[in-house]
Amino acid sequence: MKVLIRSLALCSLLAVAGNAFGADKVCKVDITGNDAMQFDKKEIAVAADCTSIEVTLHHSGKLPAQAMGHNFVLAKTADVAGIASDGIGAGFAKDHVKAGDARVIAHTKIIGGGQTTSVTIPASKLKAGEAYTFFCSFPGHSAIMKGAFKFG
Ligand SMILES: [Cu+2]
């Protein structure tokens, strides 16, 4: 019990030290999808002292969004299959994300070749050490287009 209390105290101390001036630390992440249904990253690691994470998604291909669209969806790893499955039914106009899906931490719209989009994720929505996965919810893409998202 004593050890637990001590490590909790240390954690909060580190959290304060990590943002000693109360300043916002916006961390930027870039990721690119292509016409071969691939992301250029298998893993994204973000430091725990980021107050928000700005993810910019690029599509380096030429195919239109309806044929080879990509988005960036962030969720707990355990929720990915369910979100992807419900996303198929949600349809293209809804970016293949079910409206109001509370399991989705953040997502971008779907883009096609040559386009760019972004989303900002407040760090308050993330917990250090939790297993997160980023993926594309375009039907059929999440099996390949996914990777680990590490916070902390
Ligand atoms: Cu995709």
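How are the donor residues of the copper ion spaced in sequence?

1. The spacing of the copper donor residues is H-x65-C-x4-H. The model is predicted: local features need pLDDT of at least 70 and side-chain atom pairs count only at pLDDT 80 or more, while totals for chains, interfaces and linings use all residues. Residues are numbered from 1 along each chain as its sequence is written, and side-chain values use heavy atoms, with hydrogens and water left out.

2. His-70 (ND1), Cys-136 (SG) and His-141 (ND1) are the protein donors, lying 2.1 to 2.2 Å from the copper ion. Donors are N, O and S atoms within 2.8 Å of the metal (3.2 Å for Na, K and Ca); water is not among the atoms, so sites may look incomplete. Cys-136 and His-141 are both buried (under 20% relative accessible area, 1.4 Å probe, protein chains only).

3. Strands (DSSP runs of E, at least two residues, numbered from the N terminus) β1, β3 and β6 form, in that order, an open sheet with mixed pairing. Pairing requires at least two DSSP bridges between two strands. The edge strands are β1 (26-33) and β6 (116-122). Strand β3 (residues 52-59) pairs with β6 in the antiparallel sense over seven bridges; Ser-52 has Pro-122 in β6 as its bridge partner.

4. Residues in contact with Phe-149 (heavy atoms within 4.5 Å) include Val-46, Leu-74 and Leu-126.

Terms used:
Buried means under 20% relative accessible area, exposed over 50%, partly exposed in between (1.4 Å probe, protein chains only). Helices (H or I, at least four residues) and strands (E, at least two) are DSSP runs, numbered from the N terminus. Lists of a residue's contacts leave out its neighbours within four places in sequence.
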